[in-house]
Amino acid sequence: MSKEISGLLVLLIYAVISIAIGVFARKKSRFNVKDYVTTDSSTGILILIFTFSATYHSAYAFMGAPGWVYSDGVGWWMNGLWTVLPGIALWILGKKIWVLGQKRGYLSMGDYLGGVYDSDFLSVLVGTVGIIFVLPYVAMQAQGLSYILSQMTGGLISFEAGMFFFIGLIVVYVFLGGVRGVAWADTFQGLWMMIAIPLGGYIIANNLFGGIIPLYAEGAQELTEMFYLPGPNNAITPDFWISYWLTITIGMTVMPTIFLRYLMGDSLRTIKWAGVGTSIYLTFIFVFTPAVGIGGKMAAPGLSVADHIFPHLLIEHTPFIFAVITMAGAVAASMSTASSQLHAAASQATVDVYDKLQKEDRENTDKESKKLFNINRYLILVFGVLSLIIALMKLQFSALLQISNAGVATMAPAIILPLYWKGATKEGAISSILGGLFFVVLFQFFISTPGNTVAGFWGIISSFVIFFVVSFLTKSNISVTRHYEFLKKVFG
Amino acid sequence: MTKGEKLFWTVIIAMLLAVNPPILNLINEYSSNNTLTLGFPTFWLWLEFWYTLGAGAFLIAAFKIEKWREEENIQIEEGPFIGEEEKDE
């Protein structure tokens with residue numbers, strides 16, 4: 001069998017499994033919006049671990065992380081902080097959000113904020129901002145993966161065909177199975193990644209250098225600067241280190257896709273153990289990533305795109321069939337994130353924007369729930385097509401992507417603080433989001449940040465300061481007080 | 001906060017301090033002269049140790065902290081929210 005055909009076959013098997021998951025998830029569907037958006041809080045520990053972890057990872061896990069080591073050395077592992085802390089956040093923050101979700105029926109981040117602050121405007125604002133940031137992300141995942149698909153099939157799949165394959169497959173299983181389809185597919189994809197990423201790294205190290213330890217020994221002789229800060233490009237300085245991990249950790253904790261998973265567990269027991277499992281999974285998966293980056297720098301020093309190092313090494317230094325099966329791990333990593341994003345965007349448009357704008361006619365009935373369910377499903381198709389169009393335009397989204405995580409991070413005070421402080425106000429929440437976004441854009445595009453810090457860091461600092469100042473200056477909110485008192489009653 | 005929770009948060013704060021400047025600067029300086037420890041990059045090994053300790057502390061805390069064990073059994077009844085009872089009546 002030729003390389004092209006065997007690569008296509010692996011992709012085909014992968015696609016069939018993903019669609020089968022969507023079809024099976026549809027059979028379990030209760031055909032209402034709550035089930036479609038949060039599985040009606042029926043997700044167990046194992047599925048929650050994998051859907052939470054896989055949503056955290058994009059193509060970064062397979063391409064971005066080894067590429068970063070390839071460029072800047074072991075300093076990349078500051079990212080380890082956002083592998084340990086998300087699981088803890090899932091338990092510490094997630095348990096409070098889950099309890100409120102159970103009591104108040106919250107279905108999304110905007111729905112939660114609108115309810116806590118008694119403000120439909122806040123809900124619509126958060127939903128709209130989320131959609132604006134998410135769709136280019138889906139397109140970017142698809143674009144980034146075109147290289148992998150081309151490598152897997154020996155160039156048989158063109159850029160355009162890769163886009164259709166990637167987005168088309170996601171749309172099918174998300175449309176069919178809703179978040180249950182996404183979560184089950186995440187589990188399948190998460191398992192694939194858990195095996196493929198460490199195993200791929202280990203085999204490469206073994207084939208090229210005789211093992212991980214000989215690889216590091218040779219690397220320490222040839223590329224000493226990669227073994228400490230600030231790395232060969234002087235990129236990872238102390239101020240960059242602190243500002244970067246804080247921005248990413250806080251931003252990821254309040255991503256709309258992650259927030260939905262706080263609501264999905266079937267009990268607090270599930271939330272707790274999924275948190276523990278997530279910390280272990282996310283920390284483990286990168287165990288051989290430094291070896292791939294350092295080994296890659298010695299074996300292929302002149303690579304024009306650093307992020308291509310892992311697939312490049314797999315193709316060049318492992319048997320082709322092993323390489324394509326492992327690279328399907330990259331497809332899994334990208335697909336799990338993009339499908340969660342597509343689903344979250346459609347859910348936000350339905351729950352946070354459409355439903356809130358219908359406030360005069362809003363009814364909490366089965367008929368209304370079914371109507372929202374159908375709107376949500378068809379928005380998956382609409383947003384899928386939009387993402388495809390954006391991807392095919394081959395636009396550069398680097399600026400938007402740079403501010404998207406930081407932009408979401410500015411919502412952190414509005415989301416987290418009312419769980420612990422009844423002085424939080426609606427005015428504080430709205431001004432902190434808008435003010436934080438303003439400072440992110442200001443520092444990203446118009447003013448240089450102090451030292452080597454990232455723009456998002458200043459956006460987060462600003463949003464917290466604005467939140468406290470405005471909340472102190474404005475009248476306390478009865479809705480926030482009720483939420484706070486309820487949590488106090490439940491958790492003591 | 002219970003004694004177990006205090007211990008857990010102490011480990012997490014210790015982890016955060018150990019993997020950030022200024023403590024990290026000292027490890028970095030040591031790593032520049034001693035790139036490898038037990039065959040692995042010293043700097044990476046330091047970080048990996050603390051992350052594993054953090055994840056391990058979370059695992060042990062999940063088993064041991066009585067308050068968390070009680071919390072995992074909390075059931076939420078559907079019904080009126082605080083303040084809504086009066087309104088409904």
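Trainee: Why is Glu72(B) counted as buried?

Mentor: Buried means under 20% relative accessible area, exposed over 50% and partly exposed in between, with a 1.4 Å probe and protein chains only. Glu72(B) has 13% relative accessibility, so Glu72(B) counts as buried. Please note that this is a predicted model, in which local features need pLDDT of at least 70 and side-chain atom pairs count only at pLDDT 80 or more, whereas totals for chains, interfaces and linings use all residues. Residues are numbered from 1 along each chain as its sequence is written, chains are lettered from A and ligands numbered from 1 in the order in which they are written, and side-chain values use heavy atoms, with hydrogens and water left out.

Trainee: Where is Glu72(B) placed, and which residues is it in contact with, leaving aside its neighbours within four places in sequence?

Mentor: Glu72(B) is in the loop between α4 and α5 of chain B; helices (H or I, at least four residues) and strands (E, at least two) are DSSP runs, numbered from the N terminus. Contact requires heavy atoms within 4.5 Å. Neighbours within four places in sequence left aside, Glu72(B) is in contact with Leu268(A), Arg269(A), Lys272(A) and Trp273(A).

Trainee: What makes the pair of Glu72(B) and Lys272(A) a salt bridge?

Mentor: The rule asks for a side-chain nitrogen of Lys or Arg within 4 Å of a carboxyl oxygen of Asp or Glu. In this pair the closest N and O atoms are 2.8 Å apart, and a salt bridge is formed. Glu72(B) lies in the loop between α4 (66-71) and α5 (84-88) of chain B and Lys272(A) in helix α13 of chain A, so the pair joins two chains. At 0% relative accessibility, Lys272(A) is buried.

Trainee: What makes the side chains of Glu72(B) and Lys272(A) a polar contact as well?

Mentor: A polar contact is a pair of N or O atoms within 3.5 Å; within protein, one must be able to donate a hydrogen and the other to accept it, and residues adjacent in sequence count only if both atoms are side-chain atoms. The two side chains make such a contact at 2.8 Å. Between chain A and chain B the count is 10 residue pairs in polar contact, both residues at pLDDT 80 or more.

Trainee: Which elements give two or more residues to the side of chain A that touches chain B?

Mentor: They are α5 (81-92), α6 (94-104), α10 (212-222), α11 (238-253), α13 (268-284) and α22 (478-491) of chain A. Of these, α13(A) gives the most, with 9 residues.

Trainee: How many residues of each chain are in contact, and how much area is buried between the two chains?

Mentor: In all, 50 residues of chain A are in contact with 45 residues of chain B. Buried area is the accessible area (1.4 Å probe) that two parts lose on being put together, summed over both. For chain A and chain B it is about 4,300 Å², 73% of it on carbon and sulfur atoms. On the side of chain A, Trp77(A), Lys103(A) and Arg482(A) lose the most area to chain B, together 14% of what that side buries.

Trainee: Why is α6(A) described as largely enclosed by the rest of the structure?

Mentor: The reason is that 9 of the 11 residues of α6(A) are buried. Among them are Lys95(A), Trp98(A) and Lys103(A). Their cover includes α5, α7, α12, α13 and α22 of chain A together with α4 of chain B.

Trainee: What makes Arg261(A) and Asp186(A) a salt bridge?

Mentor: Their closest N and O atoms are 3.8 Å apart, which falls within the cut-off. Arg261(A) is in helix α12 (residues 256-262) and Asp186(A) in helix α9 (residues 159-209) of chain A, 75 residues apart. Arg261(A) is buried, with a relative accessible area of 0%, and Asp186(A) counts as buried at 0%.
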